[in-house]
Amino acid sequence: MNIRPDPTFHASPRLAMEAPPESFAYTVLLSPDASQPDALAVIDVRPDSQTYSQVVHTVTMPNKGDEFHHFGWNACSSALSPLTGHAFLERRYLIIPGMRSSRIYIVDTKPDPTKAAIHKIIEPEEIFRKTGYSRPHTVHCGPEGIYISTLGGAGKDGTDGPPGVFIMDCETFEVLGRWELDRGPQTLHYDFWWNLPRDYMVTSEWALPPQFENGIVPEDLLSNKYGHRVHFWDLRARRNVQTIDLGANHQMALEVRPAHDPVREHGFLGVVVDTTNLEGSIWTWWREGGKFHIEKTATIPPEPAAKEQLPPLLQGFGAVPPLVSDIDLSMDDKFLYVACWGTGEMRQYDVREPRKPKLAGSVHIGGIARRTPHPNGKAFGGGPQMVEISRDGKRVYWTNSLYSTWDDQFYTDGVPGAMVMANANPDGGLELARDYWVNFPDGYRAHQIRLDGGDCSTDSFCYPSV
Amino acid sequence: MAVIASGLYHGVNPGMGWPLAVSAGLMERSSRALVSALWPLATGHLLAMLLVLLPFALLIAIIEWQHTIQVSASLLVIVFGLYRMANRRHPRVLARISPAQLGLWSFAVALAHGAALMLVPIYLGLCRETELDRGHAAAGTLINANLGMAVLVAIIHAAAMISAGGCCAWLAYRYLGLKFISQSWFNLETTWAVSLILVGAIALVLSLI
C-alpha cells in the first residue's frame, strides 16, 4: 500500500495520454507444442536505450502446457474511484492465466521490470473448486477486485455448465467465486469490459473448449455453431439485462472495446468471419433510452487466392478471409485498430463518428497469401494479431500468433514469435517502424502485449476527459 | 468545536465521497449536477451519524450508568480504531453499491469506516456538561434534551463535512482539474485509525477525571 495513489493511475483518459510514455512492454510467450514452459518476455521500448526493441528479461514458468493468451494488470486507473476504496493499490502484478491448464500466475514487476519474478501460483483445482469454471482468459481490475473471464465450464472438457466471470481479491489474489447472479441466456464467453460510472458490463462469445482446443472445427463453423451474441449486464447487480444476437452467420464475436471516456456510452466489437461471404466486420454498440443497440458499421472483404497459396482448410473457398481477431481503441477514442490476421493487414479506422468508421490508415505484413515481409526485410509469419496502443496513441505494437492449434491450421509453415511496432500519425496514417523488431527465443510464439504504466486495453476511468 | 472539526476532517477525505460529486458534475457537464450529488452524500452521512448517536442519547439518560456508558463508548471507539489499524481490508459489500445510490454509499461508508463512531465520545462529552446542571430533571426531559443534542451534533457535523467536501469538489471541478484528485489523496488509513484511538482515549481520560 502506498501513501499516495500510484502515479500510473489517472482520473481521466486525457491525463493518461499526457503521462510519460511506456518504457517496457510485457509479452506472453507460448510453446505451441508444450515442449518448453510458457514465459513472460520483458521488452525494452525506450527508443534511446542500448537494448531498444530487445528482450531484456524472461520469466519462465515452472510448468509446461499452460498456453498463455491474454493477461492483465492487478490494478489500473479504475482504482481512483472513491466508491471502491482501492486508491492505494500499486500497478505492480501481472495476472497471467494459462488458457489450457487453467493455472494462473501472478508475476511481480517491481522493484524493476528486468527482475520480474513469480509472486504466486493459483493451481487449476482451486479455480475449478471455487468457481465451477475453467480456461481463464480476459483480466480486468474493477470495483469488486480482479475480474477474470473464462471460456469453459466445469468438467474435463469444460462443457459441464456455462463459462462466465469470476472474481479474485485484488490484494491477496485469492479466488473468491463466480461473479454472475443471473446470467440470463448467456452460455458462451470470451471477452468483457465495462463503463464504470454508468455501471454496465459487455461480454462476448467465442466457443466452448471442444470447438477450439484441438483446432477450429470447420463443420461447426459452417453450421454457425460458434458464438454470435453480445450480452449487456448490470455491473453491480451482476445481472444480464440484455442479449443481442448478431445473426448466426456472424461467427465469433470477440474483442469488446468500450469508449475510454465514461461520458461516451458506445463501444466496438470485432467479428471474425461472416460464413455467408467470409467478410470480417466491426460492430458499434451504444446505449440510448436505457436500451442497448448494436449495428454492423464496417466490413472487410476476403481476398481471392490461388489454391496452392492456401492451407487445406481454405482451399475449397479460393479466398483468404480477413479473420478479424483483435481490435483496440486509442485512449482518445478516435482511432480503432483492426487486426486482419488472415489477410495480413493492420487497419486504422477513424471512429470519431462511432457509427461511421472511416479507413484512415493501413499496413500490410505477413498474411496467408500475401506474406508481406517487414520493411527491414525479415519474414513475418502469421499476420497481425494481438494489438496494443501506447497511451499517447503514437505507437501501435502487435504480435502474430492467434492460438496454438489454430496457427497450425491457417499458417502451416508455423508462426515464429514476432513483435513489431508502427508509428501512428495523430491525423490518421500508419507506418511500420524499421528499427523495431523483437527477436524472441526459438520455439516460442508471441501473444498479448501489456505496457508498463497502463495501456489502451487495460485502463478504465471514472471521470471524463475535460 | 470538535463537532465542526471532525466534520471538516471527514469532508476533505476523498474516501468520504467528494470526488464522486466532481465526476457527477463532469459527466453531466453542469455544476448543478455536482451540487445535486452533494445532497445524497450529506444525507447518507447524516443518517449514519444519527443511527449511531441516537441509541447513546437514550442510554445516557440513565444517570446511574452514565459513567459506565461513557467509559465503554470510549473503549468501543478505541477498539474499533485498533481493529481498523490491524485490518486494512475494505468491506467488499461497499463495492456492490451502484454509483447511482450515492446516499446509500455515503451512509454505508460512514458506518464501515467508523466515521459515525468517532462522533460518539464527542457527543457524550457534550451531554455530560449539560446534565451536570440538571442533575435532578425528569428522565423524559433528559431524553428529549439528549435527543435534541444528538440531532444538533449530527446536523452540525454533516454540514461541516459537506461544506469541506463541497469546497474540494468545487475547487477540483472549477479550478484545479482532475489531477487534483490523485494529488490530494493521501492514504489516511493509519491516520484515521489513530484518530479513532485518540478520540476514544481523550474521552476515556475525561470521563475518568
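1. Among contacts in chain B between residues at least 6 apart in sequence, what percentage join residues at least 24 apart? The figure is 84%. This comes from a predicted model.

2. Confidence. The model scores ipTM 0.85 and pTM 0.93. Chain B has an average pLDDT of 83, and 92% of its residues score at least 70. Within chain B, helix H2 (residues 18-28) has the highest confidence, at 90. Helix H6 (residues 115-133) of chain B has the lowest, at a mean of 72.

3. Secondary structure. Chain B holds nine helices and zero strands. Along the sequence the pattern reads α-α-α-α-α-α-α-α-α.

4. Overall dimensions. The radius of gyration of chain B is 18 Å. A compact globule of 209 residues would have a value near 17 Å, so chain B agrees with that expectation. The C-alpha trace of chain B spans about 60 × 35 × 30 Å along its principal axes.

5. Burial. Of the 209 residues in chain B, 44% are buried.

6. Contact with chain A. Chain B puts 27 residues into the contact, and chain A puts in 27 residues. On the side of chain B that touches chain A, the elements giving two or more residues are H2 and helix H8 (179-183) of chain B. H2(B) gives the most, with six residues. By class, this side of chain B has 16 nonpolar, seven polar and four charged residues.

7. Reading H2 across these points. H2 of chain B is the helix where confidence in chain B is highest. H2(B) also gives the most residues to the side that touches chain A.

Definitions and conventions. Residues numbered from 1 in each chain as written. Chains lettered and ligands numbered in written order. Predicted model: local features only at pLDDT ≥ 70, side-chain atom pairs only at ≥ 80, totals over all residues. pLDDT = per-residue confidence, 0-100. Helix = DSSP H or I, 4+ residues; strand = E, 2+ residues; numbered from the N terminus. Rg over C-alpha atoms; globule rule 2.2 N^0.38 Å. Buried ≥ 20, exposed ≤ 12 C-beta atoms within 10 Å, placed from the backbone. Contact = placed C-beta atoms within 7 Å. Nonpolar A, V, L, I, M, F, W, Y, C, P; charged D, E, K, R; others polar.
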